[in-house]
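Trainee: Could we go through this one together? I'd like to ask as we go.

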Amino acid sequence: MNLDTTIKLGGLELRTPLLTGSGTFGYGDEFKTVMDYSALGGIVTKSISPQPRPGNPPPRICETGGGGIINSIGLANPGVDGFLADKVGCLPIGQTRVFLSVVGDSVEDFVTVVDKLESVAGVDGYEINVSCPNVRHGGLSLGGDKDAVKAIVSAVRSTTHRFVSVKLTPHHPAVEPMAEAAVKAGADALTLTNTLIGMAIDVEKRKPLLGTVTGGYSGPPLKPVALAMVWRAAQAVDVPIWASGGIVNGLDGIEFLLAGATCLQLGSVLFADPYAPGRVLREMEEYCLRHRVTKLTDLIGKLEPRR
Amino acid sequence: MTSPAAEMGIVKAVRQISDGCWDVSVQAPFNALHSRAGQFVHVRVGEGFNPFLRRPLSVGPCREGRLRLIFTVRGRGTRLLTGSSPGDKLDIIGPLGNPYQMPDEDEVAVMVAGGIGIVPLLLLDDQMSPKQERMFIAGFRSGSLLTVDGNEATARRIRVATDDGSMGFHGTAVALLQNCLAEYQGKRPFIYACGPGPMMAAMKKFCSERGIRAQVSLEVPMGCGLGACQSCAVPRADGKGYLLVCHDGPVFDINDVDLTPENRP
């Protein structure tokens with residue numbers, strides 16, 4: 001039995017639902033010597049800001065006892081002009097779908113970056129990051145404000161005809177109004193979710209493990225949080241949802257599809273297992289074979305009622 | 001330089017060298033052949049995803065297709081690695097990062113190790129031209145923590161300093177270096193250093209006061225190991241942002257990185 005793994009995002013066809021999570025995959029060529037891209041439906045780049053950002057003081061990453069990690073990169077990136085000058089050649093255009101992540105502190109920032117990125121041929125769309133926990137301004141503070149999200153998405157929508165997904169925070173108490181606001185303003189998809197704010201302490205030294213004390217918590221422990229957000233958003237809006245949060249194997253991916261996700265982002269898992277895309281796809285195929293599913297999209301939102 | 005690749009190594013031997021220090025020998029022909037001194041491999045430890053991250057480990061002396069991973073136990077990940085048995089598979093990505101530069105013909109290669117920092121320098125010692133004039137200094141907290149485990153000929157040549165005077169010179173590796181450099185007056189030294197943070201800061205001061213060319217290799221918490229995630233940042237010496245240990249290092253010109261202890265990750 002051949003499984004049909006293709007999915008549609010508006011007018012775009014992706015050969016699989018697997019995407020990389022922003023910030024974990026650079027600009028698309030860093031993993032090329034160890035990863036087979038054929039299992040990926042697309043990549044999402046590291047976030048691009050209007051000005052270069054050096055990133056946060058180190059240490060920038062630590063593990064937590066429960067199998068999660070906390071990062072505090074601080075959106076280090078060369079800025080949109082630096083990206084255009086040095087990084088466009090890294091994008092795997094033609095090999096897989098390419099979505100550029102965009103971040104800023106204001107509506108104008110997002111518009112400036114997207115406007116400049118429109119000149120890059122072959123790009124399939126954008127992920128608008130209004131939810132990074134690792135920067136003082138913008139990011140999470142914007143993502144918690146419904147009116148700010150609406151204003152950013154509307155402004156981006158009038159700047160591009162390309163596909164736009166909006167990455168929301170897990171910190172807002174109600175995902176539904178944020179999701180509805182983003183969609184009403186023109187989002188083609190939603191990415192759920194960004195990292196949760198977390199912290200870890202070296203008790204021997206009595207010091208925080210991260211240079212910024214707190215950072216973004218990710219990895220397998222985030223999955224239940226992300227799953228709940230995906231499911232709730234899927235009830236509230238009618239656009240594809242890109243799930244992001246603790247997916248490490250095929251059954252995690254199936255869970256998110258059943259909860260209503262269309263795409264599955266592999267993020268932190270790539271640090272542990274850069275071969276994850278091929279493995280996760282194989283594991284999903286095994287599930288489908290067992291359940292006589294011939295088309296992966298047939299699983300989307302097919303959660304059965306508990307009774 | 002060879003591009004990194006995924007390699008499934010086979011553990012051949014696991015042995016404790018001293019308290020907290022272990023030597024895992026792994027059949028990994030690709031990495032054993034292509035690793036150059038200073039480079040590292042990114043190793044997956046344990047089953048599943050807890051611990052989550054790979055461990056970056058310096059490549060030690062390689063022979064007959066075998067990689068030597070010599071490390072101190074820092075936490076759960078490295079402890080799990082000590083529990084490997086011969087025949088176990090080990091998921092390795094490497095060789096990663098930039099190696100030490102080889103010295104010019106008229107330079108004396110001076111290797112200065114602190115503790116477990118000796119590991120990449122043992123490989124450097126192996127890979128330099130046999131004709132290369134060289135000196136090898138290694139500092140340890142005490143003789144009982146001696147982790148020298150190259151071949152016998154190398155071990156005999158290493159000048160040892162111990163903090164407690166239990167073996168060799170009584171004092172730091174940097175103090176021993178100062179004494180030994182007098183032997184090479186009139187020749188240009190090229191220092192290769194690897195060791196704990198305070199020692200690296202002292203090395204930087206020593207080299208900059210004397211105008212000595214030096215490279216240092218650094219170890220910090222790391223994510224992808226491939227330059228994508230930017231977790232392994234170290235501050236640049238000029239204050240203009242950060243360099244990445246996995247991509248720009250782990251070997252740096254000692255003048256390029258800020259090694260003051262309060263700024264080290």
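Trainee: Where does B:Pro250 lie?

Mentor: B:Pro250 lies in the loop between strand 14 (242-244) and strand 15 (251-253) of chain B, where strands (E, at least two residues) and helices (H or I, at least four) are DSSP runs numbered from the N terminus. A cis peptide bond joins B:Gly249 and B:Pro250, with omega at about 5 degrees.

Trainee: And what joins A:Pro58 and A:Pro59?

Mentor: A cis peptide bond with omega of about -5 degrees joins A:Pro58 and A:Pro59, and A:Pro59 sits in the loop between strand 4 (42-44) and strand 5 of chain A.

Trainee: Before going on, what should I keep in mind about the numbers?

Mentor: This is a predicted model, in which local features need pLDDT of at least 70 and side-chain atom pairs count only at pLDDT 80 or more, while totals for chains, interfaces and linings use all residues. Residues are numbered from 1 along each chain as its sequence is written, chains are lettered from A and ligands numbered from 1 in the order written, and side-chain values use heavy atoms, with hydrogens and water left out.

Trainee: OK, the interface. How many residues does the contact take from chain A and from chain B?

Mentor: Counting heavy atoms within 4.5 Å as contact, it takes 35 residues from chain A and 30 residues from chain B. The two chains bury about 2,600 Å² between them, 65% of it on carbon and sulfur atoms; buried area is the accessible area (1.4 Å probe) that two parts lose on being put together, summed over both. In chain A, the residues that lose the most area to chain B are A:Glu63, A:Phe271 and A:Ala272, together 22% of what that side buries.

Trainee: Which side chains meet in a salt bridge?

Mentor: Those of A:Glu63 and B:Arg55 do, at 2.8 Å, N to O, and the rule (a side-chain nitrogen of Lys or Arg within 4 Å of a carboxyl oxygen of Asp or Glu) finds 1 salt bridge across this interface. On the side of chain A that touches chain B, strand 5 (61-63) and helix 8 each supply at least two residues, and the largest share, 3 residues, comes from helix 8.

Trainee: Switching topic, what about A:Arg206?

Mentor: A:Arg206 is a residue other than glycine with a positive phi, near 55 degrees, and its place is in the loop between strand 12 (201-202) and strand 13 (207-208) of chain A.
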